[in-house]
Amino acid sequence: MSALQPAPPIAITMGDPAGIGPEIIVRLALTRAPEQAPLLIIGDATILRRAATHMALRPAIETIAHPSELPDSGQGQALYVLQTGEALPVDLPIGRVDARAGAAAYAYVSRAIDLALSGEIAAIVTAPINKAALALAGVVYPGHTEILADRAGTKDFGMMLANRELRVMLVSIHLSLRNAIAAVNQESELRAIRLAARACRDLGIQAPRVAVAGLNPHAGEGGLFGDEDAAIIAPAIERARAEGIDACGPLPGDTVFMNARRGDFDIVVAQYHDQGLIPIKYLGLDEGINITVGLPFIRTSVDHGTAFDIAGQGRADPASLAEALACAEAMVRAAQHD
Ligand SMILES: NC(=O)c1ccc[n+]([C@@H]2O[C@H](COP(=O)([O-])OP(=O)(O)OC[C@H]3O[C@@H](n4cnc5c(N)ncnc54)[C@H](O)[C@@H]3O)[C@@H](O)[C@H]2O)c1
Ligand SMILES: N[C@H](C(=O)O)[C@H](O)COP(=O)(O)O
């Protein structure tokens, strides 16, 4: 896109209406400067108004039929809502798994994907969905990432979580631990290493240093604790190195994140969901974000879930959503200058 053309707006999907998504969106809007562009939300105006009322906040909440109706600037603290589907009942239970909420959350993401694929929005930022509610609504995908990748028609995608101290790319995402171990093969390793290097380059790191965490304790300790590290992961790293990627490992999973955090590596490839996400989330949910790598459009997300335990109490922190929006804005600017 030409640097002279304004980019289309970024859309935030509201997430599960019974979770903290609506309240962190309202709080985020009120942290913005009035001269900024207003937020475009794909969701439900009734539920956003309810969240604002619970918190005794009064942002302007307008509904629109298309992103092109969004004012350019001057209403930074307003929420413009692309209402998707029937309005939900104002007494929809808060903090509970509900099939109506799961179906609505899925509809918001689907609408966002349509708009991103047609170029009518520049990026998608997602507030959290609840996977149990999604499943109760009959949605077959476990999470956003799988929905986005399938709808975008790509199998070459990955989940990256990042904060100011660490970046992590996962070899597998939403699988049982047993299935995640079974999913460790040379192709899944190589794909994750390539995506990790690509994600870093997209963030402006010219020669990314990629560390690969081992699967077994002490990366197998010479075969004493399993042979996957030597038999599968090490050869995949060699293949990545032959392609020119500065990859090393497998390194013991219990210390590789510490080494990356002190600056030895730009990103760590983690062998399964919790191996990679525990170090990120342990540093705090407020700075972390989730980026889907490999899509034909930009997607960032909060690093936390629907937090049903505090939903409706006005205590949810919008910091991760603010970071996810800021990251999407930076990625849109970078893409404009490509
Ligand atoms: N981006 C996403 O859509 C996303 C991400 C993670 C989890 N989830 C889903 O969310 C649901 C609940 O997951 P969970 O309970 O494991 O994790 P969670 O992140 O919802 O909650 C974990 C803990 O962190 C707290 N917390 C989370 N976000 C917070 C915030 N913004 N401010 C203050 N405290 C916050 C919660 O109160 C809770 O104590 C699950 O269905 C899960 O799959 C969705
Ligand atoms: N694995 C993510 C996490 O724990 O933060 C989360 O489930 C979100 O995944 P999606 O972005 O695919 O919904």
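Colour the protein by burial to begin: buried residues make up 50% of its 338 residues, a residue being buried if 20 or more other C-beta atoms lie within 10 Å of its own, exposed if 12 or fewer and partly exposed in between, with C-beta atoms placed from the backbone. This is a predicted model, in which local features need pLDDT of at least 70 and side-chain atom pairs count only at pLDDT 80 or more, while totals for chains, interfaces and linings use all residues. Residues are numbered from 1 along each chain as its sequence is written, and chains are lettered from A and ligands numbered from 1 in the order in which they are written.

Along the principal axes, the C-alpha atoms fill a box of roughly 60 × 45 × 35 Å.

Now select domain 1 (1-156 + 290-338) and domain 2 (164-283) in two colours, with bounds that come from an automatic or database domain assignment. Their centres, taken over C-alpha atoms, are separated by 30 Å. Where the domains meet, eight residues of domain 1 are in contact with eight residues of domain 2, contact meaning that the C-beta atoms, placed from the backbone, lie within 7 Å.

Of its 108 residues, Ile25, Ile41, Ile193, Ala196, Val210, Val268 and Val269 touch the most other members. Helix α3 (residues 99-117) gives the largest share of this core, ten residues. Because domain 1 and domain 2 both give residues to this core, it lies between them. Centre on Ile25, which touches Ile12, Met14, Ile41, Leu48, Leu79 and Ala127, residues up to four places away in sequence not being counted.

Finish at ligand 1 and display the 21 residues around it, of which Pro128, His304, Gly305, Ala307 and Asp317 come nearest; a residue is near a molecule if its C-beta atom, placed from the backbone, lies within 6 Å of it. The elements that give two or more residues to this shell are α4 (131-136) and β12 (298-302). By class, the shell divides into ten nonpolar, eight polar and three charged residues, where Ala, Val, Leu, Ile, Met, Phe, Trp, Tyr, Cys and Pro count as nonpolar, Asp, Glu, Lys and Arg as charged, and the others, Gly among them, as polar.

Technical notes: Helices (H or I, at least four residues) and strands (E, at least two) are DSSP runs, numbered from the N terminus. Two residues are in contact if their C-beta atoms, placed from the backbone, lie within 7 Å. A nonpolar core is a set of buried Ala, Val, Leu, Ile, Met, Phe, Trp, Tyr and Cys residues joined through C-beta atoms within 7 Å.
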